[in-house]
Amino acid sequence: MALCSSVIGFLMCFSLCFCCALATAKFEDMFQPYWAPDHFSFDGDAVNMKLDNFSGAGFSSKSKYMFGRVNIQIKLVEGDSAGTVTAFYMSSEGPKHHEFDFEFLGNTTGEPYVVQTNVYVNGVGNREQRLNLWFDPTKDFHSYSILWNQRQVVFLVDDTPIRVHTNLEHKGIPYPKDQAMGVYSSIWNADDWATQGGRVKTDWSHAPFVASYRGFEINGCECSVANSDADNAKRCANIGGWWDHPMLSELNVHQSHQLIWVRANHMIYDYCSDTDRFPSVPMECEHHRH
């Protein structure tokens, strides 16, 4: 996969986005079903994955990566999607794994989709944020991206940042930068919690529930399974990848304003403000600027 070949070229293609545009790859070049392959169908360059009352489905990347940017275009389940969850995430393995989650929580017809993001570090999550999108994600494809480098993890929707998780190791707070991650997506029934706290259940008369995908892009440091996490981390942190360019160490002014707008107009839950769950403010919440 091509990387930006020079600083000048990088700056020209970077613009307001976080990475230069890449030619999208075919699904089978990067991904493979890992759950219920009979629940997949293909329509041109789109991949459809369905949930019915027999099974959900999921796919995973063929390789693992450390740092870079992942982007997938998704059209979410139309109509009454209550009880369903469509997820797009990066994750390492093991009890002390790292994970970056997009979870799209279905709702009854006419109600907005809720997007929940979460960050796991060393196996510990509980960092949920939720927001309503400013468009209908069931009518067309929209881009969902994760940018990951040694300074920050940024969640983006159509290149608009909706969440930033900053490296605060200098404050004694662990940061995910030492484990290679795979890229995953899945759709499943979660009507015990997904919609209005589990009060609205999945209506199976509307099955199958179908999520569609296209525009598969991964531009990062690919990791060999033959190497240890420590060796992969050392190599990926020192190869001078585009993700370590200084202008990616934090949001620029325009992106900061976009994030402020999202938080002010669309955020409906932030774990940092949940004093019932966290009587003491989590350490990273005290220091994050966003």
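Biologist: How many bridges join strand 5 to strand 14, and in which sense do the two run?

Modeller: In this predicted model, ten bridges link strand 5 (residues 64-75) with strand 14 (residues 209-223), and the two run antiparallel. Two strands count as paired at two bridges or more, and ten bridges are found here, so strands 5 and 14 are a pair.

Biologist: Which strand order does the open sheet have?

Modeller: Seven strands make up the open sheet, in the order 2-3-14-5-10-11-12, with antiparallel pairing. Strand 2 (40-43) and strand 12 (160-166) each have a single partner strand, so they stand at the edges and one side of each lacks a neighbour in the sheet. On average, neighbouring strands of this sheet are turned by 25° against each other, direction ignored.

Biologist: What joins strand 3 to strand 14?

Modeller: Five bridges join strand 3 (residues 46-51) to strand 14, in the antiparallel sense. The bridge partner of K50 in strand 14 is V210. Strand 14 is mostly covered, with twelve of its 15 residues buried.

Biologist: What makes strand 11 and strand 12 a hairpin?

Modeller: Strand 11 (residues 152-157) and strand 12 pair antiparallel over six bridges, and two residues lie between them in the hairpin. D158, in the turn, has a positive phi of about 50°. L156 has P161 as its bridge partner in strand 12. Six of the seven residues of strand 12 are buried, so with buried meaning under 20% relative accessible area the strand is mostly covered.

Biologist: Which residues form one aromatic cluster with F31 and F216?

Modeller: The cluster consists of F27, F31, F40, F42, F59, Y213 and F216.

Biologist: How do you know that the length of helix 4 agrees with its number of residues?

Modeller: At 1.5 Å a residue, the 13 residues of helix 4 (residues 253-265) should span 18 Å, and the end C-alpha atoms are 18 Å apart, which agrees.

Biologist: What makes one face of helix 4 the buried one?

Modeller: Q255, S256, Q258, L259 and V262 are buried in helix 4. Seen down the helix axis, the buried residues fall within an arc of 160°, so they line one face. V253, H257, I260 and A264 are exposed on the other side.

Biologist: What does a side-chain oxygen of N252 reach at the start of helix 4?

Modeller: The oxygen comes to within 3.1 Å of the backbone nitrogen of H254. The cut-off for a polar contact is 3.5 Å, so this pair of atoms falls within that limit.

Conventions: Residues numbered from 1 in each chain as written. Predicted model: local features only at pLDDT ≥ 70, side-chain atom pairs only at ≥ 80, totals over all residues. Heavy atoms only, no water. Helix = DSSP H or I, 4+ residues; strand = E, 2+ residues; numbered from the N terminus. Axes fitted to C-alpha atoms, helices over the stretch in contact; angles between N-to-C directions. Expected span 1.5 Å × (residues − 1). Buried < 20%, exposed > 50% of the residue type's maximum accessible area, 1.4 Å probe, protein only. Arc of directions from axis to C-beta. Polar contact = N/O pair within 3.5 Å; in protein donor to acceptor, adjacent residues only side chain to side chain. Phe/Tyr/Trp six-rings, centres within 6.5 Å; stacked < 30°, edge-to-face > 60°.
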